[in-house]
Each structure stands twice: as C-alpha cells, then as structure tokens.
Amino acid sequence: MGEDGSVTSAPQRPDGPTPTPRLIATDLDGTLLRDDKSVSLRTVSALAAAEEAGIEVFFVTGRPARWMDVVSDHVHGHGLAICANGAAVVDLHAGREFVQVRALPRATALTVVETLRAAAPGTSFAVEMTTGINYEPLYPPFFQDPGAHVATAEKLLEEEADDTAAPVLKLLAHHAELAPDEFLALARSAAGAYASITRSSPTALLEISGLGVSKASTLELCCAERGISPAEVVAFGDMPNDVEMLRWAGTSYAMGNAHPDVIAAASGRTVANNEDGVAVVIERILAERAAHQR
C-alpha cells in the first residue's frame, strides 16, 4: 500500500505505443495485490493471458518465500519469483525452494546494527534468514511467527555463525518515533557504505540487504540468463524498494497509490492497485499486440 493509501489516478503512459515486452516484472503489495491482499479475477486473467502470449511474468517482492502463497496459484511457466528484495530467487512450483540466495554477510549485518544503534537510538531489529525470522524483544512482529527466536540482534547474528548457519537474507530495522523517509535517509547516510537499505512499509521499517542486492540487480541476473534486455522488460511498483527496478526496466509504471520517489523513477503511471492498475497495462499491451498482428 502506498504512503497515503489508495489514490485514484488517470493512467499515464510513455510516449508512443507500449512495446510488446518479453518479461513483465511486478511488485506484489500495493501493486499487484489489492489492499485486502487479494488478487482480483481481472488480474488473474491478465497474468494468464500474458503468459499465454509468450510473455514471462516475474513476481518481484520484498516478501520472504514463506509469504508467497497468495500468488503461488497464479504462477505459470518458469514458476520463479524474486523475494526479499532480490536476496532470493525461489521456485514456487517446487514448494518455494531456494534457487539462488544473495546473502547479507553476518559480519556486515553486525556492523550495520552497531552503526544504526549509534545513529538512531531506539532502533530495534529483526533478522530474516532462509529458515525464518528472529527478532529483538522490542521489535514489533507484524506477523507472529511461532518458531521465531527472540534475542538481541548481536546474539541472533553471532549464533551458529559458521559455514552451516542459515544465510541471512535481510536485516529489518524499526524505529518507533522517526518518520519513514527520515529514517531511510539517516540510515543510508550512516550505513549505506556497508549494505543496500530501502523500505516498503508505510511505517519506519527499513529493509537491509547485501551491498548491491536489490530487486533490480537480481532481476537483471534473471533476465541475462534468458537473453532478455532491459528494453524488453515492463515493470510495476509502488514503494522505494521498487525504484531501482523501475529505473532499470525499459518501460515502467508507478501505481496510482505510489510513493513520490516511485512516480519520479517510472516512465509511466497506471491506476491504483485497488483499480487493477497492473492488469490495465497488460490488457493494453496485449490489445496493441493483437492489433499489430492483424
């Protein structure tokens, strides 16, 4: 969901017809999903039509693999999804099996924790790993996980810190008092040399990945494996963790409910997630393709 909730907007598109892509990359929350976390029938139909037309669809999300059930039934073809802001590629056809992991080194995560504790006193942390999430006592667990361990971030990151330890996908940092964008700017200034820092929540919750790891960089790797260029990609997003991906893709759309930074990064704009903005663009792409083939 965008910063100020759902906003109706008229679709705005890049100049000229939308090129027929080889791949569609879409964020989930606030983008493909409605605010109730459902996938509308219109969107389900549009995704299936795109795949039938030979256009690959990649879900590219900040969600961990274990939260992908909401779209697992709507994945066709390759079955792959990019999760945790690019830290993992998972196979949704194979029970969310990890295909690729781009981990955050534990030593780096510890450095970031130390740096943010000094720069923003009151910050609490959670550690997202391939095996699940663990968090500090003061961290607000937005989704309760009965298997989570609760301890200081330092202890969580130092435990089993050997070759057999589960890879860390991202570090989460929450602040109860700072404004979301203020916290993001402060964290990037203080710790941006150590890791990639972004956010997708309307609260002051930061998502911290390995340096250079983002939705864009992992999508680029997946596209390179398929011989797909940025010009052949259409991307959709609504929050700061989508900015790099929207800039990288040849054609990109900010949702009508998008953060201002996303609107500035995208080459076009569609209607809000609650109005099926992704489906609106896919339908237009397929209609233009059909007209061109007549």
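**View 1. Thr198 stands opposite Glu207 in strand E10.** The model is predicted, so local features need pLDDT of at least 70 and side-chain atom pairs count only at pLDDT 80 or more, whereas totals for chains, interfaces and linings use all residues. Residues are numbered from 1 along each chain as its sequence is written, and side-chain values use heavy atoms, with hydrogens and water left out. Strand E10 (residues 205-210) is joined to E9 by 4 bridges, and the two run antiparallel; strands pair if DSSP finds at least two bridges between them, and helices (H or I, at least four residues) and strands (E, at least two) are DSSP runs, numbered from the N terminus.

**View 2. An open sheet of 5 strands has the order E7-E6-E8-E10-E9, with antiparallel pairing.** Strand E7 (132-135) and strand E9 (195-198) stand at the edges with a single partner strand each, so one side of each is left without a neighbour in the sheet. Neighbouring strands are turned by 25 degrees against each other on average, direction ignored; axes are lines fitted to C-alpha atoms, for helices over the stretch in contact, and angles run from 0 to 180 degrees between N-to-C directions. Helix H4 (residues 106-119) packs on this sheet, touching E6, E8, E9 and E10, and its direction makes about 5 degrees with that of E8. Helix H6 (residues 180-191) lies across E8, E9 and E10, running at about 170 degrees to E9.

**View 3. An open sheet of 8 strands, of mixed pairing, has the order E5-E4-E3-E2-E1-E11-E12-E13.** Its edges are strand E5 (97-101) and strand E13 (268-269), each with a single partner strand, so one side of each is left without a neighbour in the sheet. E11 and strand E12 (residues 251-254) run parallel and are joined by 4 bridges, and Phe236 stands opposite Tyr253 in E12.

**View 4. The largest nonpolar core has 34 residues.** Such a core is a set of buried Ala, Val, Leu, Ile, Met, Phe, Trp, Tyr and Cys residues joined through side-chain atoms within 4.5 Å, where buried means under 20% relative accessible area (1.4 Å probe, protein chains only). Phe59, Met68, Val71 and Ile282 have the most contacts inside this core, to which helix H10 gives the most, with 6 residues. Leaving aside neighbours within four places in sequence, Ile282 is in contact (heavy atoms within 4.5 Å) with Ile24, Ala46, Leu47 and Ala50.

Conventions: Buried means under 20% relative accessible area, exposed over 50%, partly exposed in between (1.4 Å probe, protein chains only).
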